[in-house]
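Please look through the structure below with the briefing beside it, taking one topic at a time. The points begin with the chain as a whole and then turn to particular residues.

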Amino acid sequence: MAISTAAFDDASDGGSKGTFTPDRNPNIGVQYGTNYEGIIRNQAIGGEVYTVERFGKRRGWAMTYSFLNSTDQEKLEALIDYADGRKNFFFFDEDDFGSGVDAVDGLASGSGHTNGTYTNVELTGGSGTGVKATVVISSNAVNSVSITTVGSGYADDDELGIPTSVIGGSGSPHCDVNGVTAGANSIKVRFDQDTFAFEEVAQGATSITLNLIEQL
């Protein structure tokens, strides 16, 4: 998995990520493992006792920050102080909280399109990539556009084209971004360990490894 940057935040939109994000990118290893929650004992009304086994797959990251200066160490300490011991969930983002499309408005419906419902239509233009939608055509015009994949890197009021190569007809049917949300790669995580230690790796520099797991 290629990761260009990593950011942390307690808000899914990355609004306060500056508190938690060092200037350096970490070395990141991604792995999948089995999450075994053990046996849960339940007692129903009437006294009947039954047990449930809970297990499943989870995705984890081992993030190693090396050669941190004192400023970056303070930023990571802020993250640790926020989460350690309180078991709070927070957000990790592989793409620095790129903004996805929350909704659209300003529909220019065009004409001459082929009636029907088109799924996973990749919209064009704008400042980001990857947004997809369900497009409904009735009376040979675009009736509605519903976002199904938010993409990342978009800005409010970006103009998004609806490709006539998919819906038929001609002209330039389009809509506008009406608000942005957390990017497609924003992941709710928690710490997978309770203690942390900064290790000296060079004079005036430190290193730390954070183990994170995705919220199931």
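The chain holds two helices and 15 strands, where helices (H or I, at least four residues) and strands (E, at least two) are DSSP runs, numbered from the N terminus. This is a predicted model, in which local features need pLDDT of at least 70 and side-chain atom pairs count only at pLDDT 80 or more, while totals for chains, interfaces and linings use all residues. Residues are numbered from 1 along each chain as its sequence is written, and side-chain values use heavy atoms, with hydrogens and water left out.

**The chain as a whole**

- Of the 216 residues of the chain, 36% count as buried, a word that stands for under 20% relative accessible area, whereas exposed stands for over 50% and partly exposed for values in between (1.4 Å probe, protein chains only).
- The accessible surface of the chain comes to about 11,600 Å², and 43% of this surface belongs to carbon and sulfur atoms; the areas come from the Shrake-Rupley method with a 1.4 Å probe, and for residues only the protein chains shown count as cover.
- Among the contacts between residues at least 6 apart in sequence, 66% join residues at least 24 apart, a contact being heavy atoms within 4.5 Å.

**An open sheet**

- Three strands, in the order E6-E11-E10, form an open sheet with antiparallel pairing, and two strands are said to pair if DSSP finds at least two bridges between them.
- Strand E6 (104–108) and strand E10 (159–161) stand at the edges with a single partner strand each, so one side of each is left without a neighbour in the sheet.
- Strand E10 pairs with strand E11 (residues 174–177) in the antiparallel sense over three bridges, and glutamate 159 stands opposite aspartate 176 in E11.

**Aromatic rings**

- A pair of aromatic rings is described by the distance of the centres and the angle of the planes.
- The count comes to two aromatic pairs, under the rule that rings of Phe, Tyr and Trp (its six-membered ring) pair if their centres lie within 6.5 Å, with planes under 30 degrees apart counted as stacked, over 60 as edge-to-face and the rest as tilted.
- Phenylalanine 8 and phenylalanine 90 form a tilted pair, at 6.0 Å centre to centre and with 50° between the planes.
- Phenylalanine 8 lies in strand E1 (residues 7–9) and phenylalanine 90 in strand E4 (residues 90–93), so this pair ties together parts that are 82 residues apart in sequence.
- The rings of phenylalanine 8 and phenylalanine 92 have centres 6.0 Å apart and planes at 40°, so this pair is tilted, and it links strand E1 with strand E4 across 84 residues.
- Phenylalanine 8 and phenylalanine 90 are buried, phenylalanine 92 is buried too, and ring pairs link Phe8, Phe90 and Phe92 into a cluster.

**A salt bridge**

- Side chains of opposite charge can pair when their charged atoms come close.
- A search of the whole structure finds one salt bridge, meaning a side-chain nitrogen of Lys or Arg within 4 Å of a carboxyl oxygen of Asp or Glu, and here the side chains of aspartate 23 and lysine 75 meet at 3.4 Å, N to O.
- Aspartate 23 lies in the loop between E1 and strand E2 (27–43) and lysine 75 in helix H1 (residues 70–83), so the pair ties together parts that are 52 residues apart in sequence.
- Aspartate 23 counts as exposed, at 60% relative accessibility.
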